[in-house]
Amino acid sequence: MTVPMIFSDEVAAARKAGQPIVALESTIITHGMPFPKNIEVARGVEDVVRQNGAVPATIAVMNGTLHIGLNSDQLDALGQAKNVAKLSRADMAACIATGGTGATTVAATMIGARMAGISVFATGGVGGVHRGAEHSFDISADLHELAQTPVTVVAAGAKAILDLPKTMEVLETLGVPVIGFGQDYLPAFWSATSDIPAPLRMDSAAQIAAAHLMRMQMNVPGGQLIANPIPQEAEIPQNVLHPIIEQALAEAEAQNITAKKVTPFLLGRILELTDGESLTANIALVRNNARLAAQIASEISSASR
Ligand code: PSU
Ligand code: MN
């Protein structure tokens, strides 16, 4: 039995030519941003990858097939589809086996990327340890995926709705390298910095590529998390965001939102409460991550030649 997996024409050509490829997730399209902005952003992010010398591969499951790269019509269809499943490590295989359609989270996109031989993946923010996890036990499967799947993930840190110190503790326990890009402190998604020191710091895509390749050589399982700060001009300062996040969290608790629904609910409420400003920042940071990911993928390509 083989996995039903299809490459877009663009990705198939890039594989043939040995060009660098950057994986992109699809949950951010279906569950992270509202229609029709989501489709516009997805296309824009793909273009940023292209402008920086790599080929984008947006990953999703459609009608039981794992797609590595979506063409324009498929992107349109996914962006408008209702009731799309949010797939993580636990449910990806079941969705494919039963002919379902689902968007891939960071964890599921990493699995798809590994299967397609793609080393680098750009997203907005990874999942992490939720606030109150000591009661809810809500810890994203993204963290465990980073510990076992050899893909370098470029994100703007963990989303600020999470418990960042606990997220960092879990990543350390799991042996995931967290590399601050160009600064000593970790970014906090919508804000360029936090007061949490970055465990590692690198200042160039070449260094990140070298560390990725060294882990492969050493046969150390797992990937790397690159914490790339949102550009200064696009950030929302932490003191502005703090009360809004508190309100969204309180509403989630009052409405008994749990499990997979937590992250989309919080992102949606923060969007409303900031009058769309959080979305503008989210778009800027994803584009910024796509740029760095394309540079890292190019460095890995040329170093492996
Ligand atoms: N970052 C965003 N928007 C998103 C997500 C991340 O800017 O929608 C998604 C990612 O797919 C991530 C998921 O893997 O949220 C985490 O969900 P959970 O906390 O349920 O593991
Ligand atoms: Mn969760």
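**Briefing: strands, core and pockets of a predicted model**

Strand 3 (residues 55-62) is mostly covered, with eight of its eight residues buried; buried means under 20% relative accessible area, exposed over 50% and partly exposed in between, with a 1.4 Å probe and protein chains only. This is a predicted model, in which local features need pLDDT of at least 70, side-chain atom pairs count only at pLDDT 80 or more, and totals for chains, interfaces and linings use all residues. Residues are numbered from 1 along each chain as its sequence is written, chains are lettered from A and ligands numbered from 1 in the order in which they are written, and side-chain values use heavy atoms, with hydrogens and water left out. Helices (H or I, at least four residues) and strands (E, at least two) are DSSP runs numbered from the N terminus.

**Strand 3 and its partners**

- Val 55, Ala 57, Ile 59 and Val 61 point one way from strand 3, whereas Pro 56, Thr 58, Ala 60 and Met 62 point the other way, and all are buried.
- Strand 3 pairs with strand 2 (residues 21-24) in the parallel sense over four bridges, where pairing requires that DSSP finds at least two bridges between two strands. Within this pair, Pro 56 is the bridge partner of Val 22.
- Strand 3 and strand 4 (residues 65-68) run antiparallel and are joined by four bridges, with Ala 60 opposite His 67.
- The hairpin of strand 3 and strand 4 has two residues between the strands, and Asn 63 takes a positive phi near 45 degrees there.
- Strand 6 (residues 102-104) pairs with strand 3 in the antiparallel sense over two bridges; Gly 102 of strand 6 stands opposite Val 61.

**Strand 9 and its partners**

- Strand 9 (residues 178-181) is covered on both faces: Val 178 and Gly 180 on one side, and Ile 179 and Phe 181 on the other, are all buried.
- Three bridges link strand 9 to strand 11 (residues 224-227) in the parallel sense, and Val 178 stands opposite Leu 225.
- Strand 10 (residues 200-202) runs parallel to strand 9, also with three bridges, and Leu 200 is the bridge partner of Ile 179.

- In soluble globular proteins, nonpolar side chains tend to be buried together.
- Beyond its neighbours within four places in sequence, Val 153 is in contact (heavy atoms within 4.5 Å) with residues including Val 106, Met 110, Phe 121, Leu 146 and Leu 225.

- The largest pocket has a volume of about 560 Å³. Of the 33 residues that line this pocket, Lys 86, Thr 105, Ser 140, Asp 142 and Thr 263 are the closest to its centre.
- On a 1 Å grid over the protein atoms alone, a pocket is an open set of points where a 1.4 Å probe fits, with protein on both sides within 12 Å along at least five of seven lines, and lining residues have an atom within 4 Å of a point. Grid points are joined across faces, edges and corners, and a volume is the space filled by probe spheres set on the points.
- Helix 2 gives the most to the lining of the largest pocket, four residues.
- The second largest pocket has a volume of about 360 Å³. Among its 15 lining residues, Arg 131, Ser 136, Glu 253, Ile 257 and Val 262 are the closest to its centre.
- Helix 11 supplies the largest share of the lining of the second largest pocket, three residues.
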